[in-house]
Every structure is written in C-alpha cells, then in structure tokens.
Amino acid sequence: MRLLLSLLFMAKKKRRPLEETVEKIHQGDAALREELIDSYKPFIAKTVSSVCKRYIHESDDEFSIGLIAFNEAIQKYSSEKGNSLLSFAEVMIKRRVIDYIRQQSRNQNLSFNLSNDPNEDEQHRSTLEDELSLDEFRKKTEQELRRDEIIQFQTILSDFDLSFQDLLEQSPKHADARKNAMLVAKAMVENEELKGLLLEKKRLPIKQLEEMVKVSRKTIERNRKYIIAIALILIGDYVYLKDYIKGVLET
C-alpha cells in the first residue's frame with residue numbers, strides 16, 4: 001500500500017517515483033524493498049520468460065534467479081547512470097538468467113562426461129546437439145541485449161537533444177580524432193564535478209574541459225555531440241557499447 005501511495009502522490013515531484021523509492025531503500029527501508037520486489041514480480045517473470053522463450057512460473061528456478069537479479073539491480077541502481085531502474089533491472093535479469101543457463105549446460109556436460117552408461121555415445125551426440133542449440137540461443141539473446149542497449153541509449157540521447165543521426169553526421173572522420181574525443185569523454189567522466197555538470201545541465205562543460213585536457217576549445221566544440229555520447233555510454237550500464245569504446249582506446 002505504501003508503494004502504491006508513493007506512485008500516486010510522488011508523481012508531481014520532479015524526480016521519478018521509482019527513484020524516490022530506491023533512495024529510501026538505500027537508506028535502509030527493508031519493508032519498502034520487499035514491497036517493491038513483490039509489486040514487480042510480473043515484470044520479473046515477463047523478462048525471464050523473454051530469455052527462456054517459454055512461460056515462467058514463480059516456482060521455476062529461472063524466476064528465482066530473476067528475483068535475485070532484480071534485488072541486485074535495486075541495490076546497485078544509481079540515477080546518475082542515466083537509465084531508469086526498470087531498464088537497468090531488465091538488462092541485469094537477462095544477464096543473470098543467461099549465466100544460469102550456461103552454468104546448467106556446463107554441469108550437464110560434466111555429468112555426461114563422468115557417466116559410465118553404455119549408451120554414452122548417444123548421450124554425447126545429444127549433448128553436442130544441445131550445445132549447438134544453446135550456442136544459437138546465446139547468439140540470439142545477445143543480439144536482443146544489444147538491441148535493448150541501443151533502444152535505451154536512444155532514450156538517454158533524446159534527453160540531451162541528440163540522436164543517432166547527429167552522431168553519424170558529426171562523428172570525427174579519422175580514427176585518431178575519434179580516439180582523442182573518447183579520451184576527453186573519459187577524462188570528464190572520471191571527474192565527479194564535470195560529470196555532475198554534464199548530467200545536470202545536459203550540455204558539455206566546455207570551459208572546464210578546456211582547462212583539464214590538452215585539446216583545443218575549437219576541437220572540443222567541433223566534437224561536442226560525440227564527446228557527450230561517449231560520456232553517456234561510459235556513465236551508463238552499456239556492456240556492448242562499452243566494448244566498442246574499449247576496443248578503440250586499446251588500439
């Protein structure tokens with residue numbers, strides 16, 4: 001009931017109701033945590049079902065994994081990352097369920113390898129078929145996670161009055177220029193004051209950046225949108241997009 005009231009009466013405040021709720025939970029409100037988790041069990045079941053490709057009951061092990069992941073998301077969530085709690089929780093639930101499925105597959109393979117069953121060859125063939133099916137499942141699920149990341153990132157970009165089209169048109173053309181812009185974004189994110197200014201003002205703190213990095217003001221302004229986008233990726237919980245940045249920075 002307390003959660004329902006908060007959703008009804010906190011809506012007029014600037015901050016999102018779930019953010020307020022999570023803040024109270026972080027302050028030690030255990031009862032509110034349980035209430036929030038209970039309220040979002042349908043969301044958890046739906047998210048787990050999307051990974052498992054079948055209807056998930058609360059009695060299923062996969063649902064328990066999703067429940068633990070949702071609780072973990074509440075604990076780790078920070079509004080500074082830019083994502084909503086539900087977007088963050090959805091990604092975390094999917095990852096944990098995928099990890100669980102992989103672990104179950106490894107355990108199953110181990111049990112087959114230790115077996116002295118006379119039909120071991122047939123079982124081995126079955127295991128290989130299962131592994132191939134699981135590999136296809138992993139690829140498909142990872143594609144879905146990448147798509148989800150991009151959709152979430154598009155939403156965050158719109159808050160900064162940016163779009164993917166802007167990034168395509170204004171990204172640095174040369175590899176060295178892109179790497180330098182990423183290094184500027186990384187330096188800004190690592191500075192709590194500048195990161196806070198970016199998230200609060202929704203614009204690049206060019207003057208402060210100019211004083212901190214060895215890049216001209218003109219270059220920073222020219223790559224402003226690209227630097228903002230990279231910074232948002234570094235701040236947010238974007239596993240696949242961060243891999244791209246990491247790959248560029250390590251070259």
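Predicted model: local features only at pLDDT ≥ 70, side-chain atom pairs only at ≥ 80, totals over all residues.
**Note on the salt bridges of the model**

1. Arg217 has a relative accessible area of 34% and is partly exposed, the class in between buried (under 20% relative accessible area) and exposed (over 50%), computed with a 1.4 Å probe and protein chains only. Glu210 is likewise partly exposed, at 34%. The two side chains, Arg217 and Glu210, form a salt bridge with an N to O distance of 3.3 Å; the term denotes a side-chain nitrogen of Lys or Arg within 4 Å of a carboxyl oxygen of Asp or Glu.

2. Residues are numbered from 1 along each chain as its sequence is written, and side-chain values use heavy atoms, with hydrogens and water left out.

3. In total, the structure contains 13 salt bridges. One of them joins Asp148 to Lys94, with the closest N and O atoms 2.5 Å apart. This pair links distant parts of the chain, since Asp148 lies in helix α7 (residues 120-159) and Lys94 in helix α6 (residues 85-113), 54 residues apart. Helices here are DSSP runs (H or I, at least four residues), numbered from the N terminus. Asp148 and Lys94 are both buried.

4. Lys186 pairs with Glu190 in a salt bridge whose closest N and O atoms are 2.7 Å apart. Lys186 is partly exposed, at 34% relative accessible area, whereas Glu190 is exposed, at 54%.

5. A network of salt bridges connects Asp38, Lys41 and Glu58.

Terms used
Helix = DSSP H or I, 4+ residues; strand = E, 2+ residues; numbered from the N terminus.
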